[in-house]
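This report describes the fold of one protein chain, from its overall organisation down to selected residues. The sequence and the structure are shown below.

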Amino acid sequence: MTDFDPANFANVAPKEFAQLVKSTPDDKIAEVMSGDLRGKILSEVFNRMPSLFRADRAGSTNAVIHWNITGRPDGGTDTYEIVIENGACTVNEGAQRDPKLSLTMGPVEFLKIVSGGANPVMMFMTGKLKAKGDLGLAANIANLFDIPKA
């Protein structure tokens, strides 16, 4: 599978997805993420997060994290909420609770982060990722998930 084909995304293993994002030019990802398949891709990524959660690394971490992905076709932002508590991870579409950490980024940056193809700290330093709230949690968030690398 060499072309970024979101229609088959649900059938792609996390490692294959990481390779797909890595091998696809940013402008092609941006084009796909500004179209009709954006919601399907975001839902699929977030639906996988509980299965990639590493409770053994979370310790006593209890946190509500909002992921705000900008660049929706209507100019808006999609928000997903990850709740980590009692050694478990759940995901909600939309914001339901006050966050300990709020992350805001564009769709290309989001897909690069969740596919292990970007350094979130560097993205934060260059302004491509905005973090508000618990920056210690932000720096450690990648360790809480088993993110596949391409």
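## Elements and overall form

Helices, as the word is used here, are DSSP runs of H or I with at least four residues, strands are DSSP runs of E with at least two, and both are numbered from the N terminus. The model is a predicted one. On this basis the protein chain contains seven helices and five strands, and from the N terminus on these elements follow the order α-α-α-α-β-β-β-β-α-α-β-α. The radius of gyration of the protein chain is 15 Å, close to the 15 Å that the globule rule gives for 150 residues, and the chain is therefore as compact as a globular protein of that length.

Along its principal axes, the C-alpha trace of the protein chain extends over about 40 × 30 × 30 Å. Among contacts in the protein chain with a separation of 6 or more, 67% are made by residues 24 or more positions apart.

## Burial, surface and charge

Of the 150 residues in the protein chain, 38% count as buried, a class that here requires a relative accessible area under 20%. The accessible surface of the protein chain amounts to about 7700 Å², and carbon and sulfur atoms contribute 50% of that area. The charged side chains of the protein chain comprise 16 positive and 18 negative ones, with a distance of 6 Å between the centres of the two sets.

Strand β1 covers residues 63-69, and because seven of its seven residues are buried, the strand is largely enclosed by the rest of the structure. In a regular strand the side chains alternate between the two faces of the sheet. For β1 both faces are covered, with Ala63, Ile65, Trp67 and Ile69 buried on one side and Val64, His66 and Asn68 buried on the other.

Which strands pair with β1, and in what sense? One partner is strand β2 (residues 78-85), which runs antiparallel to β1 and is joined to it by seven bridges; within this pairing, Ile69 has Asp78 of β2 as its bridge partner, while Ala63 stands opposite Ile84 of β2. The pairing of β1 with strand β4 (residues 101-105) is parallel and extends over five bridges, and here Trp67 is placed opposite Leu103 of β4.

Strand β2 is itself mostly covered, since seven of its eight residues are buried. It is joined to strand β3 (residues 88-93) in the antiparallel sense through six bridges.

Two residues lie between the strands in the hairpin of β2 and β3. Asn86 is found in this loop between β2 and β3, and its phi is near 55°, a positive value in a residue other than glycine. Is Asn86 buried or exposed? With a relative accessibility of 72%, Asn86 counts as exposed, the threshold for that class being over 50%.

The residues of α5 that are buried are Pro107, Val108, Phe110, Leu111, Ile113 and Val114.

Just after α5, Gly116 adopts a positive phi of about 75°. Gly117 is placed in the loop between α5 and α6 (120-125), and it is exposed, having a relative accessible area of 56%. Gly117 and Asn143 are 26 residues apart along the chain, and 15 Å separates their C-alpha atoms.

## Strand β5 seen from Ala131

Ala131 belongs to strand β5, which consists of residues 129-133. When residues up to four places away in sequence are left out, Ala131 touches Leu101, Ser102, Leu103, Phe124 and Ala138. Among these, Leu103 is the residue of β4 that stands opposite Trp67. How far apart in space are Ala131 and Trp67? Their C-alpha atoms are 9.6 Å apart, although 64 residues separate the two in sequence.

Key
Residues numbered from 1 in each chain as written. Predicted model: local features only at pLDDT ≥ 70, side-chain atom pairs only at ≥ 80, totals over all residues. Heavy atoms only, no water. Rg over C-alpha atoms; globule rule 2.2 N^0.38 Å. Buried < 20%, exposed > 50% of the residue type's maximum accessible area, 1.4 Å probe, protein only. Contact = heavy atoms within 4.5 Å. Areas by Shrake-Rupley, 256 points an atom, 1.4 Å probe, with all protein chains shown as cover. Lys, Arg positive; Asp, Glu negative; His and termini not counted. Charge placed at Lys NZ, Arg CZ, Asp CG, Glu CD. Pairing = 2+ DSSP bridges.
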